[in-house]
Amino acid sequence: MRVRMLAAAAVAVLTVAGTAACGGSADDSGAVTLRLGFYAAAGDPADTTMRELVKEFTAANPSIKVQLEVAPYVKFFEKLRTQIAGGQAPQVWLSDGVLVQEFAARGALADLSDRVKTVNAADYSGIELNRDAKGRVYGFPQGAQTPVLFYNKKLFADAKVAEPTADWTYDDLAAAAKKLTTDTNGDGKPDTYGFRAYSPGFTESWWPIIKAFGGDIVTDDNRKVVVDSSQSKAALDWMLGAMGKDGFAPDYAFTEGLGKGVVHTLFATGRVAMSYGIYARTLPATSAGVDFGVAPLPKGPAGRGNVAIVNSWVVNKSASAAQADAAWKWITFFSGEGPQRKWAELGEAIPINKKVAAAALSADRHAFLDSLDAATDLGVNAVWSEYTEALAKRMGEALSGASPVDTALATGQKEAQEVIDRFYAGQPQ
Amino acid sequence: MTVLTGRAGKVAAERRPPARKRHAGERVWAVAFASPYLLHLVALAAWPLLASLFFSMTDYDLVSSPKFVGFDNFARMFNDGLFWRTLGNTAYFAVLFVPTQTVLALALAIALNQRLRGMALFRAAYFVPVVSSWVVVAYVADAVFNPQTGIANQVLDFFGLPAENWLQDPALVIPTLAAVAVWKGVGYMMVLFLAGLQAIPEERYEAAKIDGASAWNRFRYITLPGVSGTTFLVLVLTSIETLQSFEQVFVMTDGGPHGASELTVLHLYRQGFQFFQMGYASAIAWVLFVLVLALTMVQFRLQRRWVHYA
């Protein structure tokens with residue numbers, strides 16, 4: 001009797017678990033439930049807009065029911081990793097562009113290569129930046145970020161300095177930055193710096209500068225670290241000069257002391273007259289009422305060093321065929337002109353629909369589009385988070401003066417390469 | 001009460017089921033009553049512990065099935081410079097934090113172990129940081145240690161001393177973190193010491209006074225032995241807490257500047273939850289567990305020499 005009761009209970013538990021596991025698949029009526037994950041802070045305008053777009057989508061596709069799973073960035077990815085481990089990840093989610101290959105290389109994502117062939121790739125930015133070494137595409141662009149040179153028009157006018165042009169070189173940048181650096185209260189410390197050179201967010205700091213000086217970070221399908229070069233040293237020396245003897249940029253300790261996220265407000269609060277910034281930095285500057293312009297990154301000995309991150313929609317490899325189809329429907333819906341226009345109103349990312357981007361960005365913001373066209377990816381690979389962290393630590397040592405540049409570059413290269421080799425050594429070629 | 005004797009008793013005894021069977025029903029009930037705790041123990045303690053032991057011997061990226069690799073993760077750890085660096089950081093943090101907090105908590109407890117008006121208010125004031133979250137504490141710490149606007153540098157400036165980059169200086173970051181951790185945690189340990197102090201019989205002090213013992217001697221020969229049990233508890237708790245320290249560095253420095261404050265648990269967290277290396281993270285967790293266990297055992301062994309349970 002007891003055994004039978006236990007068996008019945010086990011069957012009941014398994015039935016419930018099975019039902020839960022099957023939740024979201026297409027039922028007999030063809031209806032499908034799609035769990036859609038994305039990151040946004042609670043109450044953030046992006047959250048509101050996303051919910052409105054989901055409503056539009058489900059109204060146009062009544063057979064698809066969407067369950068939103070939203071969390072702030074860090075929490076979202078923390079939870080996502082455990083959801084993946086437990087086989088409970090959403091069927092479609094918004095991934096930070098630099099993480100797409102990390103998830104893909106571990107078999108968590110569906111290959112979208114064939115689906116991408118069904119759209120006109122020329123209509124969208126960033127598809128190529130998502131292609132891996134074998135030509136596969138695991139993410140479809142959602143929004144793009146690329147750094148350009150932000151400058152404060154009022155500070156330029158006050159200092160009677162000519163505004164940046166597309167012909168500017170790093171020497172021009174340094175010359176203007178020196179003139180823009182001012183100590184109004186005479187305490188021996190600048191109140192306004194000409195330029196913000198160092199940032200913990202290296203996309204807006206040492207990465208494009210090293211590339212502009214002719215160095216590189218990773219090559220050979222982003223598997224070979226090559227940062228230890230004379231060109232990289234020249235780039236870091238230029239930055240150290242800016243923060244040290246030339247004194248036109250706040251130093252490492254000052255910038256780090258501002259705390260997470262605050263570094264990005266340096267430009268918005270007028271503490272620096274120029275700064276490299278991705279498109280999302282237009283929001284705080286606009287909110288603060290700064291009259292600013294954007295110009296292409298200055299030219300270094302090897303060009304501008306443009307880089308880009310393309311945040312992308314990805315589809316869970318475990319999604320059923322019906323869910324994967326519904327997910328792709330959502331992706332193509334979001335990439336369409338209407339939703340893209342609505343998303344562009346937030347002003348937090350460059351629309352990936354080229355037609356919408358051209359219309360949404362005023363002519364004086366087209367530096368973003370030119371930069372995006374010329375950009376390479378940010379060295380993305382299966383261990384991007386880990387190898388860039390190893391590298392960033394050593395760059396921090398060099399830029400804070402804690403370690404000689406030569407030593408930091410050599411050690412950083414060695415440690416980053418070890419991370420990459422450890423992963424790819426166990427992978428089929 | 002009926003007592004069965006003779007043949008009737010023998011027959012009855014023969015008919016009675018064996019003790020094992022007689023108590024079977026009671027055992028079922030006992031297990032049923034204990035089941036919430038047993039379930040909790042198995043599901044939330046024993047099972048995860050065994051699972052992590054298994055994962056520590058696998059290459060597990062959270063997505064694919066774990067691949068058994070024997071002791072490779074442990075071998076990697078012993079060659080991982082970053083692991084040793086984080087262990088060194090943790091040891092340095094512990095060496096600064098544990099004695100400072102213990103001594104300060106005892107000093108505060110003695111100071112506040114007075115029958116004066118408003119003393120409860122002072123005790124509560126020291127306890128407030130204990131119940132504050134690390135996020136709040138981080139904001140308070142920023143108000144003190146911010147290189148540009150913090151009070152600490154204003155004080156240095158007042159005395160004509162150069163400003164410091166407290167949390168941005170690799171040489172100062174751990175001492176600064178230890179100072180903040182003491183500020184946050186000292187109130188709790190102080191309460192434990194207060195309880196210990198109040199358990200010391202007043203007559204001992206009175207007798208010592210009559211015998212002419214100085215204040216120092218009363219502290220040395222009555223107070224210290226009297227709170228030695230509490231001191232032992234505080235040392236064990238604080239040591240374990242230090243070796244498991246995570247939230248503070250996660251919120252305040254994220255391991256920076258360039259890894260100077262990366263403690264072992266933060267390293268473990270990154271390996272497991274950011275870098276998809278749950279096997280390696282589990283191995284680190286087990287090594288840390290063994291270290292905590294060893295340290296606690298040493299403390300328990302040594303306590304026989306100096307702890308007085310009176």
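1. Strand pairing in chain A. In this predicted model, β6(A) and strand β9 (residues 272-277) of chain A run parallel and are joined by three bridges. Within that pair, Tyr193(A) is placed opposite Val272(A) of β9(A).

2. The sheet around that pair. The open sheet of chain A has four strands, ordered β6-β9-β5-β10, and its pairing is mixed. Its edges are β6 (193-196) and β10 (292-295) of chain A; each has a single partner strand, so one side of each has no neighbour in the sheet. On average, and with direction ignored, neighbouring strands of this sheet are turned by 20° against each other.

3. Domains of chain A. Chain A is split into domain 1, covering 30-145 + 309-373, and domain 2, covering 148-305 + 383-425. Taken over C-alpha atoms, the centres of domain 1 of chain A and domain 2 of chain A are separated by 29 Å. The contact between them draws 16 residues from domain 1 of chain A and 15 residues from domain 2 of chain A.

4. The domain 1 side of that contact. On the side of domain 1 of chain A that touches domain 2 of chain A, α4 (100-105) and α16 (367-374) of chain A each supply at least two residues. The largest share of this side, four residues, belongs to α16(A). By class, this side of domain 1 of chain A holds seven nonpolar, four polar and five charged residues.

5. Contact between the chains. Here 20 residues of chain A are in contact with 19 residues of chain B. On the chain A side, α3 (73-85), α10 (252-257) and α17 (384-400) of chain A each give at least two residues. The largest share of the side of chain A that touches chain B is six residues, and these come from α17(A). The residues on this side of chain A comprise six nonpolar, six polar and eight charged.

6. Domains of chain B. Chain B is divided into domain 1 (6-55) and domain 2 (74-306). The C-alpha centres of domain 1 of chain B and domain 2 of chain B are 44 Å apart.

7. Packing of α14(B) on α15(B). Helix α14 (residues 264-274) of chain B packs against helix α15 (residues 278-306) of chain B at an angle of about 160°, and the two axes are 7 Å apart. With over 145 degrees as the cut-off, α14(B) and α15(B) are therefore roughly antiparallel to each other. The crossing of α14(B) and α15(B) is left-handed. From α14(B) the contact takes Thr264(B), His267(B), Leu268(B), Gln271(B) and Gly272(B), and from α15(B) it takes Met278(B), Tyr280(B), Ala281(B), Ile284(B), Ala285(B) and Leu288(B). The residues of this contact of α14(B) with α15(B) are seven nonpolar, four polar and no charged.

8. Packing of α3(B) on α15(B). The axes of helix α3 (residues 24-55) of chain B and α15(B) cross at roughly 115° and come within 7 Å. This crossing of α3(B) and α15(B) is also left-handed. Ser52(B), Leu53(B) and Phe55(B) of α3(B) meet Met278(B), Gly279(B), Ser282(B), Ala285(B) and Trp286(B) of α15(B). The contact of α3(B) with α15(B) divides into five nonpolar, three polar and no charged residues.

9. Backbone points to inspect. Most residues other than glycine have a negative phi, and most peptide bonds are trans. Two places in chain B deserve a look on that account. The peptide bond joining Gly256(B) and Pro257(B) is cis, with omega about 0°. Pro257(B) sits in the loop between α13 (247-252) and α14 of chain B. Leu62(B), a residue other than glycine, has a positive phi near 80°. Leu62(B) lies in the loop between β1 (58-59) and β2 (67-68) of chain B.

Notes:
Residues numbered from 1 in each chain as written. Chains lettered and ligands numbered in written order. Predicted model: local features only at pLDDT ≥ 70, side-chain atom pairs only at ≥ 80, totals over all residues. Axes fitted to C-alpha atoms, helices over the stretch in contact; angles between N-to-C directions. Parallel < 35°, antiparallel > 145°, perpendicular 65-115°, else oblique. Left-handed = near helix turned anticlockwise from the far one by under 90°. Contact = placed C-beta atoms within 7 Å. Nonpolar A, V, L, I, M, F, W, Y, C, P; charged D, E, K, R; others polar. Domains from an automatic or database assignment. Pairing = 2+ DSSP bridges.
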